[in-house]
Amino acid sequence: MLTHNISLDNKSISRLSSRGLSLKALKDQLEHELELSLELWRAQGLNVIKHQGYYYFDTKFIPIEEAEFCIVDIETNGSKIDKHQIIEIAAVKVKNRQIVDRFDSLVHVKEINPHITEITGIKAEDTKDAPQLKEVLKEFRLFLGNAIFVAHDVKFDYTFISKSLEKIGLEPLLNRSLCSLALAERTIVSYRYALSYLNDALSLNPNAQHHRAMSDVLTTYGLFLLSLDNLSDEIKTVEDLIKFSKEAPRLKRPKFDPLLDREE
């Protein structure tokens, strides 16, 4: 995601999130002057700061409880960005575990495959009065700001939105991201980690309507809070959390599905 959208190699990106990157190492890879590059990145949701002579993602120093997370979900009329588009997008901003803002919109589309309608319940006629994709994405980009982008299986949502922004002539996303599925695998014991399964197992969202954007966002919010409850006290900052979600050992799954026992 970020790796493909920023003019830095993987090693440098890793150093920005951990030990810091020297001025020389940073400048050697930039396409523009340093201050311009930092400003452009900031406009794309990524804030790089100088600390004791080295450069870091600001999230290296932001405590989890002070950070702004944006939990996002999209519905699309297909999985291929070159052929399909977003038909619904929703998000909530979370700070200190509380929802502080919401974004929710259908997106105008001329055609929706019957299979997609069967999954989501969204028909093309439902979107006839909805705003166009360009308008919705511009508003969402402003809503997201430089918050940490959170989603269940985050790569799909992040990449689809980022490439959609490029299709309408805007810059791709550079926000730091966090996968709620990967985090759950390391904080919650479950037989499966699909969002619908976790909701059934953990009662995260009593009014869940799976495959509708805001409903899935609220389910993911409940999952995110539960994961935070189960974190070690050693995980203090946003970058600690991101690293943990990628590198910590996954918890051992039960051999049998407890929901089947519950049904019996």
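This is a predicted model: local features need pLDDT of at least 70, side-chain atom pairs count only at pLDDT 80 or more; totals for chains, interfaces and linings use all residues.
Contact, as I use the word here, means heavy atoms within 4.5 Å.

Start with isoleucine 86. Leaving out residues up to four places away in sequence, Ile86 touches Ile74, Glu75, Thr76, Val107, Leu133, Leu137, Phe160, Ile161 and Ser164. Ile86 also belongs to the largest nonpolar core, which has 26 residues. Within that core, the members that touch the most others are Ile86, Ile89, Phe140, Phe149 and Ile161. Two or more residues each come from S3, strand S4 (86-95), helix H6 (133-144), strand S6 (148-151) and H7. H6 is the main contributor to this core, with six residues. A separate core of 25 residues lies apart from it, and its members include Phe69, Leu178, Ile235 and Ala248. As background, nonpolar side chains in soluble globular proteins tend to be buried together.

One of the residues that Ile86 touches is a serine, Ser164. Ser164 sits in helix H7. Is Ser164 buried or exposed? Its relative accessibility is 2%, so Ser164 counts as buried, the cut-off being under 20%. Where does the polar end of this side chain go? A polar atom of the Ser164 side chain lies 2.6 Å from the backbone oxygen of Phe160. Beyond its neighbours within four places in sequence, Ser164 is in contact with Ile81, Ile86 and Leu137.

The largest pocket holds about 650 Å³ of space. It is lined by 26 residues, and those closest to its centre are Ser17, Arg176, Ile242, Lys243 and Lys246. Helix H1 (2-5), helix H2 (10-16), strand S7 (177-179) and helix H11 (238-247) each give at least two lining residues. Which element gives the most to this lining? That is H11, with seven residues. By class, the lining has eight nonpolar, nine polar and nine charged residues.

The second largest pocket holds about 480 Å³. Its lining has 20 residues, with Asp73, Ile74, Glu75, Phe156 and His211 nearest the centre. Strand S3 (68-76), helix H5 (114-120), helix H7 (154-167) and helix H10 (213-229) each give two or more residues to that lining. S3 gives the most, with five. The classes here are seven nonpolar, eight polar and five charged.

Conventions:
Residues are numbered from 1 along each chain as its sequence is written. Side-chain values use heavy atoms; hydrogens and water are left out. On a 1 Å grid over the protein atoms alone, a cavity is a set of points where a 1.4 Å probe fits but cannot get out, and a pocket is an open set with protein on both sides within 12 Å along at least five of seven lines; lining residues have an atom within 4 Å of a point. Grid points are joined across faces, edges and corners, and a volume is the space filled by probe spheres set on the points. Helices (H or I, at least four residues) and strands (E, at least two) are DSSP runs, numbered from the N terminus. Ala, Val, Leu, Ile, Met, Phe, Trp, Tyr, Cys and Pro count as nonpolar, Asp, Glu, Lys and Arg as charged, and the others, Gly among them, as polar. A nonpolar core is a set of buried Ala, Val, Leu, Ile, Met, Phe, Trp, Tyr and Cys residues joined through side-chain atoms within 4.5 Å. Buried means under 20% relative accessible area, exposed over 50%, partly exposed in between (1.4 Å probe, protein chains only). A polar contact is a pair of N or O atoms within 3.5 Å; within protein, one must be able to donate a hydrogen and the other to accept it, and residues adjacent in sequence count only if both atoms are side-chain atoms.
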